[in-house]
Amino acid sequence: MYNLIFRMFFVFIVSTLIFTSCENNDAIEQTVQISEEETITLIESEDISDEMDNIVDDVMFEDFATSGKEVASKDDGNNHGGMPDCATRTVDIVGTTKTVTVDFGEACELPNGHVLSGKIIMVYVYDENSATVVVTITYDGFYFNEVAVEGSNIIVKTRENDNGNPQSIKTINITLTWPDGEIISKEGTKTREWIEGFDTRAWSDNVYLITGSWTSIFKDGTVFSGNIIEALRREMSCRFIVSGIVEIVRGETTGVINFGDGTCDDIAVFTDSEGVETEIVLRRRKMGN
C-alpha cells in the first residue's frame with residue numbers, strides 16, 4: 001500500500017513539473033522579440049504583393065479607366081505602367097470573359113529594377129458599363145526577384161469609391177518561397193485606393209493609399225499578424241513606401257514598423273514591444289548560400 005501511494009505521489013510530482021515546464025516554455029515563446037531579419041522578410045513580402053498589384057492596374061488600365069475622367073492620349077509616348085518589351089501580353093475573349101496572360105519569360109527586368117519571370121494570369125468579366133469588376137489572379141511558374149509566388153488573389157476593382165477614386169479590395173491567398181528555403185504563406189485582405197495619377201498615362205505620378213490586415217505563416221510555423229494602423233502611402237516615383245505604420249504581432253509580442261514622414265528613402269523604424277527602436281534598411285533579405 002505504501003509503495004502504491006509513493007508511486008502515485010511520484011507520478012503527480014513529475015506530471016506537475018512537466019506541465020509547469022510546458023507553461024514556462026509557452027511563456028518564453030510568446031515573449032520572443034521579433035527579429036530584424038523577420039521584419040525585413042515581412043516587408044519584402046508586402047513589397048512583392050504591392051508590385052504585383054501595380055502590374056494588374058497597368059494591364060487593366062484600358063478596360064477600367066475611371067468613368068468621367070479624361071485620360072491622356074495613347075500616343076503620348078509614356079506607357080502607363082512602364083511594362084517593358086520583354087513582357088508579352090496575350091488576351092483571350094470567350095463571350096464576356098476576358099483572360100489576360102502576361103508572360104515575363106525567363107528574366108524580364110522592370111523599369112524599377114525588379115526582375116520577373118513566368119506568367120501572371122488574370123480572368124474577369126468585361127463590361128464597360130459596370131461599376132465594379134472581379135478579377136481572379138493566378139500564377140504559372142512566376143518568380144519575383146527569385147522569390148517563387150504560388151496561389152491566387154481575388155481583386156474587386158471599383159471605378160470610383162466615395163472619394164471619386166479607383167479602388168481595389170484584394171483577398172490574399174498566396175505562398176512565397178525564397179531561394180534559401182524560407183517560406184511564407186499569406187492570407188488576408190487589403191484595400192488599395194488610387195488617389196493620384198489615374199487620369200494620366202504617366203507612371204511616375206501614381207500615388208496609392210493602402211490599408212488592411214493579414215496573417216503570415218513562416219515555414220517553421222511561426223505566425224505573424226499584420227495590421228495597417230496608418231495608411232501606407234506608395235508613390236510610384238519612389239521605390240519604397242514613403243509613410244504609414246504597420247503593427248505586427250507574434251504571440252504576445254507586438255511591434256510596429258513606421259515607414260516615415262513622406263520622404264523617399266530606404267529607411268523604416270521598427271519599434272519592439274519594449275520600446276526599443278531599430279532602424280531598418282529596406283532591402284532584399286539575405287538569400288543565403
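Me: Which residues touch the most other members of the largest nonpolar core?
Reply: In this predicted model, F104, F142 and F259 touch the most other members of that 50-residue core, where a nonpolar core is a set of buried Ala, Val, Leu, Ile, Met, Phe, Trp, Tyr and Cys residues joined through side-chain atoms within 4.5 Å, and buried means under 20% relative accessible area with a 1.4 Å probe and protein chains only (exposed is over 50%, partly exposed in between). Helix 2 (residues 36–59) gives the largest share of this core, eight residues, with helices (H or I, at least four residues) and strands (E, at least two) taken as DSSP runs numbered from the N terminus.

Me: And what does F104 touch?
Reply: Leaving out residues up to four places away in sequence, F104 touches I55, M83, C86, A87, L110, L116, S117, G118, I120 and F142, contact being heavy atoms within 4.5 Å.

Me: Switching to strands, how does strand 13 pair with strand 14?
Reply: Strand 13 and strand 14 (residues 277–281) pair in the antiparallel sense over five bridges, pairing requiring at least two DSSP bridges between two strands, and V269 has E279 in strand 14 as its bridge partner.

Me: Which residue in that hairpin takes a positive phi?
Reply: G275 does, near 85 degrees, in a hairpin with five residues between the strands.

Conventions. Residues numbered from 1 in each chain as written. Predicted model: local features only at pLDDT ≥ 70, side-chain atom pairs only at ≥ 80, totals over all residues. Heavy atoms only, no water.
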